[in-house]
Amino acid sequence: MASINITLPDGSVRELPVGASVFDLAASIGAGLAKAALAGKVDGELVDLSAPLSDGARVEIITEKSPEALDIIRHSASHLMAQAVKELFPQAKVTIGPAIETGFYYDFDVERPFTPEDLERIEAKMAEFAAADLKVERQVLTSDEAIRMFEGMGEPYKTELINDLSVETVSVYSQGGFADLCRGPHVPSTSRIKAFKLLSIAGAYWRGDEKNRMLQRIYGTAFVDKKELEAYLNRLEEAKRRDHRKLGRELDLFSFSDEVGAGFAIWHPKGAMLRTILEDFERKEHLKRGYDIVVGPQILKTELWQRSGHYENYRENMYFTEVDEQGFGIKPMNCLAHMMIYKSQLRSYRDLPLRFFELGTVHRHERAGVLHGLLRVRCFTQDDAHILCTPEQLDAEIKGVLSFVSDVMTIFGFDYEMELSTRPEKSIGDDAAWDLATNALLSALKDTGRPYEINEGDGAFYGPKIDIKLRDCLDRRWQCATIQCDFTLPERFDLHYIGPDGEKKRPVMVHRVILGSIERFIGVLIEHFAGSFPLWLAPVQAIVLTVTDNQIPFAQEVHALLREAGVRIQSDFRNEKLSFKIREAQLQKVPYMLVIGDKEVEQGVVTPRYRDGKNLPPMKPADFVEFIALECRNFK
């Protein structure tokens, strides 16, 4: 065959000589496209520009404007970083270096930990290699050839990876004397990596196993151009300013202590008040929607966890203890006690649906390396609920939860995204039950009219789930709400109800949270609002400030009146300048300062000052109480 036909995204067909590559296709379309091309997509698969084309292939040219470009650039940047490290630290052993959502990283086995000064040197060397416009070339070797090559280079981690792949051939990418095992694709030359920054250093065990050697991980990021990089670095600085761990200390909300143990938050008065406000809000909203509040025990017999499948599929995340020679598991989730409540009496189809809600504290064994402030802890409280319903009621119940999520996210001011997570490799239950559960969630998602993604293989071990990820003011995604559909646990625990025909039937169980972990959600809220909570959420809503000691008696009366009316109020009667006291209240991000001077005492009023400096007209204390109540009713 002298030529081949290639179909372009617009449906047009282009004739090329046999052996033509993706780059040749781009060049045949135009010099501008050839210059802009980064990679190709052939029949839906990303490939290098050098990849040969076959007759009848459908091909798309990937440029910097393509959605796939960023991952390719970042993955190539990780190789560029590894090349720079090997140049500066020849004894370093390279392991893996993938692109990730925010950039890339690479793990190295080195004699001593990297320092910030090392990062500067590595980044400078990367810039040097990028400017050199080194050609990036792909080579396919047999696994034996690749093992011999990497053994000769003194790279044992690469040979281990190849052995574990158990494949006949592997691909190797090289640039300027540096070679790395990789599936690809990559940019055609190092000059296409234009905007990058090395960000931090961390320890990481080889393959995430604490029994393996500790490696040094360098995190970096890369973008298509320097403008995008600069915008991202500015967002990083803003994220540091909003870090909930920093603000948690400054606002005296919570703390962690090595004496207590890693991953266990200690809530201070203002932080505990914030939790209480959230939990009271949750109870009220659930009661409005027909949920019953329940409470289960912290530990349950090990036999129950074995029956549920948790012992087999989730044991590594659980804590166990023994009481009177009987094994118990400390609960990592609340579903078992809720099923016991259901089983406590005979149920009719007329009783369903039943919606059991619990602000349940759970414990999960998280590795020390993944703990992160309130966002990843070992003890947390879930706004957990389980709905038990008939199969005919399932669609309405799932949609009810989705509506609940929408209402709550609107109150907090969050936009969100949804994805359907399907059956994981490690799971329980038969295919028919999984298909029913997956289709029920999928149908409800489609009916919302909102976009969603499919997340293959990331469901719970007992059922598929809808994961809802909110977006904060810095456009970061946070996993909070989830809806899981479960036909399996009702079967394992022999749950049933009496149907209209008098026969026993099996209910369906919906596991769901709205905010998710209260700890995690508070961490997200702190960073989203930068600690300046809206009035209805603020642990301290107002503070009474006196100008001189002369106003203290009236100020005490105001403080007592507001506290009795339910306003979360503090006072500052210190013999300090008013400007100093205002500044301190602003640093504590208190929404309102009630300034009381001689004039206010004489007129029996307070002068509210908002934390941004805006002054409200003087008003009677009772009017301020009504003002606060109205703002809170509107969730402001």
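In this predicted model, the side chains of E419 and K469 form a salt bridge, with an N to O distance of 3.2 Å. Because E419 sits in strand β22 (residues 415-421) and K469 in strand β24 (residues 465-471), this pair ties together parts of the chain that are 50 residues apart in sequence. E419 counts as buried, since its relative accessibility of 14% falls under the 20% cut-off, whereas K469, at 26%, is partly exposed.

A second pair is E491 with R506, whose side chains meet in a salt bridge at 3.4 Å, N to O. This pair also links distant parts of the chain, with E491 in helix α15 (residues 488-492) and R506 in the loop between β27 (504-505) and β28 (508-517), 15 residues apart. Here E491 is partly exposed at 49% relative accessibility, and R506 is likewise partly exposed at 29%.

What about a pair within one helix? E279 and R275 form a salt bridge at 3.0 Å, N to O, and because they are four residues apart in helix α9 (residues 269-288), about one helical turn separates them. Both of these residues are buried.

Stepping back, the structure holds 47 salt bridges, and D415, E417, R450, R471, D475 and R477 are linked in a network of such bridges.

Finally, let me turn to T438, which lies in helix α14 (residues 431-448) and, at 17% relative accessibility, counts as buried. Leaving aside residues up to four places away in sequence, T438 touches L420 and P464.

Technical notes
Residues numbered from 1 in each chain as written. Predicted model: local features only at pLDDT ≥ 70, side-chain atom pairs only at ≥ 80, totals over all residues. Heavy atoms only, no water. Helix = DSSP H or I, 4+ residues; strand = E, 2+ residues; numbered from the N terminus. Buried < 20%, exposed > 50% of the residue type's maximum accessible area, 1.4 Å probe, protein only. Contact = heavy atoms within 4.5 Å. Salt bridge = Lys/Arg side-chain N within 4 Å of Asp/Glu carboxyl O.
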